[in-house]
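This briefing is meant for a reader who is meeting the structure for the first time. Please keep the sequence and the model at hand while reading the points that follow.

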Amino acid sequence: MRRKILITLAFGLLAAVVAGALSAFTVDRTEFVYLTQFGRHVITYDGADDAQAGLHFRLPWPIQSVQRFDRRLQYFDLPGAELLTRDAKRNTIDKTLTIDAYVCWRIADAPAVDRFIRSVGGIDGARSVLGQRLNSELGAAVGKMELDELVSTEPGRVDDKREELRRQLLEGGSQPLRRTALGEWGVEIVDVRLRRTN
């Protein structure tokens with residue numbers, strides 16, 4: 001009888017330890033933690049907030065689950081795009097250029113995490129959406145430029161045009177990319193840079 005009680009207590013203690021281990025999770029300073037219950041959003045923890053970083057508890061999976069997203073600055077290279085430029089009189093296509101660029105971005109804040117997950121699904125989805133949109137806008141902007149605005153021996157001319165193109169990509173147009181990315185996807189675009197023109 002005494003042996004059965006000890007075995008039952010041992011199994012109970014083991015079950016409590018396993019349940020506790022499955023219920024505990026930590027929030028690192030470099031991440032957002034998105035907690036869901038049966039797939040529905042419950043709360044988003046922001047690791048940058050001292051009150052939210054550290055040890056937390058949840059109900060075991062499959063009742064509640066967590067997704068982690070890096071809150072730090074991220075970047076990715078846009079695929080090299082072949083773009084057309086116009087001649088000096090803007091009548092005909094002059095040359096085909098290959099432009100390499102990269103994008104620096106991050107998830108805007110804790111409230112934007114829900115919008116980020118619902119609209120783009122995750123990091124790979126954000127890269128795909130941002131890459132398509134930026135390649136499209138870059139092609140449209142470069143198509144209006146002349147070749148000597150992007151490739152020139154005149155000191156400072158290329159740098160000035162690149163900076164103008166960068167500002168146009170981020171802030172110009174009827175739907176500026178920064179505002180669209182923040183409002184629709186929960187993404188803060190920090191910068192877009194043109195790396196090389198061939």
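Glutamate 163 is partly exposed, with a relative accessibility of 26%. This value, like the others in the briefing, comes from a predicted model. A search of the whole structure finds eleven salt bridges, and glutamate 163 takes part in a network of them that also holds Arg166, Arg167, Asp191 and Arg193.

- The side chain of glutamate 163 meets that of arginine 166 in a salt bridge, with 2.8 Å from N to O; the two residues are three apart in helix 5, which means that about one helical turn separates them.
- Arginine 166 has a relative accessible area of 16% and is therefore buried, whereas glutamate 163 is partly exposed.
- Glutamate 163 also forms a salt bridge with arginine 167, where the closest N and O atoms are 3.5 Å apart, and here the two residues are four apart in helix 5, again separated by about one helical turn.
- Arginine 167, at 45% relative accessibility, counts as partly exposed.
- Aspartate 191 and arginine 193 form another salt bridge, in which the closest N and O atoms are 2.7 Å apart; aspartate 191 is buried at 14% relative accessible area, while arginine 193 is partly exposed at 34%.
- Through shared partners, salt bridges join Glu163, Arg166, Arg167, Asp191 and Arg193 into one network.

## Nonpolar cores

- The largest nonpolar core has 32 residues, and those with the most contacts inside it are Val103, Trp105, Phe116, Val187 and Ile189.
- At least two residues of this core come from each of several elements, including strand 2 (31-37), strand 8 (93-107), helix 2 (110-120), helix 5 (157-171) and strand 9 (187-197), and helix 3 gives the most, with six residues.
- A second, separate core has five residues, among them Val27, Val33, Leu35 and Tyr45.
- As a general background, nonpolar side chains tend to be buried together in soluble globular proteins.

## Phenylalanine 116 and the aromatic residues

- Leaving aside residues up to four places away in sequence, phenylalanine 116 touches Phe69, Trp105, Ile107, Gly121, Gly122, Ile123, Ala126, Trp185 and Val187.
- The whole structure contains four aromatic pairs according to the search, and Phe69, Trp105 and Phe116 form one aromatic cluster.

- Three strands make up an open sheet in the order 3-2-5, with antiparallel pairing, and its edge strands are strand 3 (40-46) and strand 5 (64-70), each of which pairs on one side only.
- On average, neighbouring strands of this sheet are turned by 20° against each other, with direction ignored.
- Strand 2 and strand 5 run antiparallel and are joined by seven bridges; glutamine 37 has glutamine 64, in strand 5, as its bridge partner.
- Helix 2 lies across strand 2, strand 3 and strand 5, and runs at about 65° to strand 2.

## Backbone details in the loops

- Tryptophan 61 and proline 62 are joined by a cis peptide bond with an omega of about 15°, and proline 62 lies in the loop between strand 4 (54-57) and strand 5.
- Phenylalanine 38 has a positive phi of about 50° although it is not a glycine, and this residue is placed in the loop between strand 2 and strand 3.
- With a relative accessible area of 64%, phenylalanine 38 is exposed.

## Glycine 131 in helix 3

- Glycine 131 lies in helix 3 and, at 9% relative accessibility, counts as buried.
- Leaving aside residues up to four places away in sequence, glycine 131 touches Phe76 and Leu78.
- The C-alpha atoms of glycine 131 and proline 79 are separated by 7.8 Å, although these residues are 52 apart along the chain.

Technical notes
Residues are numbered from 1 along each chain as its sequence is written. This is a predicted model: local features need pLDDT of at least 70, side-chain atom pairs count only at pLDDT 80 or more; totals for chains, interfaces and linings use all residues. Side-chain values use heavy atoms; hydrogens and water are left out. A nonpolar core is a set of buried Ala, Val, Leu, Ile, Met, Phe, Trp, Tyr and Cys residues joined through side-chain atoms within 4.5 Å. Buried means under 20% relative accessible area, exposed over 50%, partly exposed in between (1.4 Å probe, protein chains only). Contact means heavy atoms within 4.5 Å. A salt bridge is a side-chain nitrogen of Lys or Arg within 4 Å of a carboxyl oxygen of Asp or Glu. Two strands pair if DSSP finds at least two bridges between them. Axes are lines fitted to C-alpha atoms, for helices over the stretch in contact, and angles run from 0 to 180 degrees between N-to-C directions. Rings of Phe, Tyr and Trp (its six-membered ring) pair if their centres lie within 6.5 Å; planes under 30 degrees apart count as stacked, over 60 as edge-to-face and the rest as tilted.
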